[in-house]
Amino acid sequence: MRLFPWLELMICWFAWVYPYIFRAPLRQKRESITVSGPTYVGLFFEGLAIFMAFAFRLSPDSPLVLARIVPSVVFGVLAAVLAWTSVQHLGKQFRLRAGLYVGHELVRTGPYAIVRHPIYASLLCILLCTLLLLTPWEWILVSLAFFFLGTEIRVRAEDKLLASRFAEEFREYRDKVPAYVPFIR
C-alpha cells in the first residue's frame with residue numbers, strides 16, 4: 001500500500017471538513033423555512049459518489065503518476081480554501097439543510113461572487129482529489145454522475161427558496177453567477 005495518497009487525503013479531508021464542524025454555526029435556534037426532502041435525496045447521491053471514490057480503488061500495483069497527483073493536490077487545496085471562505089462569508093446564514101432563516105440575507109461576496117453554491121464546489125473539489133488518487137477512470141465517471149445528480153437536486157431546491165425570498169435580486173444574481181462550477185451556466 002502506498003502511503004502518499006492516504007496521507008494527502010487525510011490532510012485534505014481534514015482541512016476541508018474542519019470549517020464545517022468547528023467554524024460554522026451548526027445549532028442555531030432561529031425561526032426558518034426548511035426543505036429537507038431534496039437535501040436528503042441530494043446528500044444520498046453525493047454520499048454514494050464519495051463512497052464509490054473510496055470503494056472502487058486502483059489496484060495496489062498500479063503506478064501513481066504525476067498526472068493524477070498534481071491535480072489532486074490542486075483540487076484538495078482548492079476544496080479547503082472554498083470551504084473556509086464559504087463558511088466565513090455565509091456566516092449566520094449557514095445551514096445543513098436547504099432553508100432560509102428569518103432575516104436571511106443573499107450573500108454575494110467572496111466565493112459567492114464566483115459561484116452561487118461554493119460549498120458544493122468545494123465538495124466537488126474534495127471528491128475530485130479523492131477520485132484522482134484512488135479510483136480507476138471508469139468509476140470516476142460513474143461517481144461524478146451520481147455527484148452531479150445529487151448536487152443538481154440540492155441546487156434547484158436552494159435556488160427555488162432563494163428566488164421565493166429575494167425575487168428579482170436573486171434572478172439577477174443567478175443570471176450572472178454560475179451554480180457551482182465556474183464558467184459553466
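Let's start with helix α1 (residues 3–23) and helix α3 (residues 66–90), whose axes come within 8 Å and cross at roughly 10°. An angle under 35 degrees counts as roughly parallel, so α1 is roughly parallel to α3. Keep in mind that this is a predicted model.

On the α1 side, the contact is made by Phe4, Glu8, Cys12, Ala15, Trp16, Tyr18, Pro19, Tyr20 and Arg23. Facing them, α3 puts in Ile69, Ser72, Val73, Gly76, Ala79, Ala80, Ala83, Trp84 and Val87. Sorted by class, that makes 14 nonpolar, two polar and two charged residues.

Next up is helix α2 (residues 36–55) with helix α4 (residues 118–134): their axes also come within 8 Å, crossing at roughly 20°. That makes α2 roughly parallel to α4, and α2 passes α4 in a left-handed crossing. From α2, the contact uses Glu46, Ala49, Ile50, Ala53 and Phe54, while α4 brings Tyr120, Leu123, Leu127, Thr130, Leu131 and Leu134. This set splits into nine nonpolar, one polar and one charged residue.

Here are the two pairs side by side:

| Helix pair | Axes come within | Crossing angle |
|---|---|---|
| α1 and α3 | 8 Å | roughly 10° |
| α2 and α4 | 8 Å | roughly 20° |

Now for Thr151, which sits in helix α5 (residues 137–176). Is Thr151 buried or exposed? Its relative accessible area is 0%, and under 20% counts as buried, so Thr151 is buried. Leaving out residues up to four places away in sequence, Thr151 touches Glu46, Tyr120 and Tyr180. Glu46 and Tyr120 also turn up in the contact of α2 with α4.

How values were computed: Residues numbered from 1 in each chain as written. Predicted model: local features only at pLDDT ≥ 70, side-chain atom pairs only at ≥ 80, totals over all residues. Heavy atoms only, no water. Axes fitted to C-alpha atoms, helices over the stretch in contact; angles between N-to-C directions. Helix = DSSP H or I, 4+ residues; strand = E, 2+ residues; numbered from the N terminus. Parallel < 35°, antiparallel > 145°, perpendicular 65-115°, else oblique. Left-handed = near helix turned anticlockwise from the far one by under 90°. Contact = heavy atoms within 4.5 Å. Nonpolar A, V, L, I, M, F, W, Y, C, P; charged D, E, K, R; others polar. Buried < 20%, exposed > 50% of the residue type's maximum accessible area, 1.4 Å probe, protein only.
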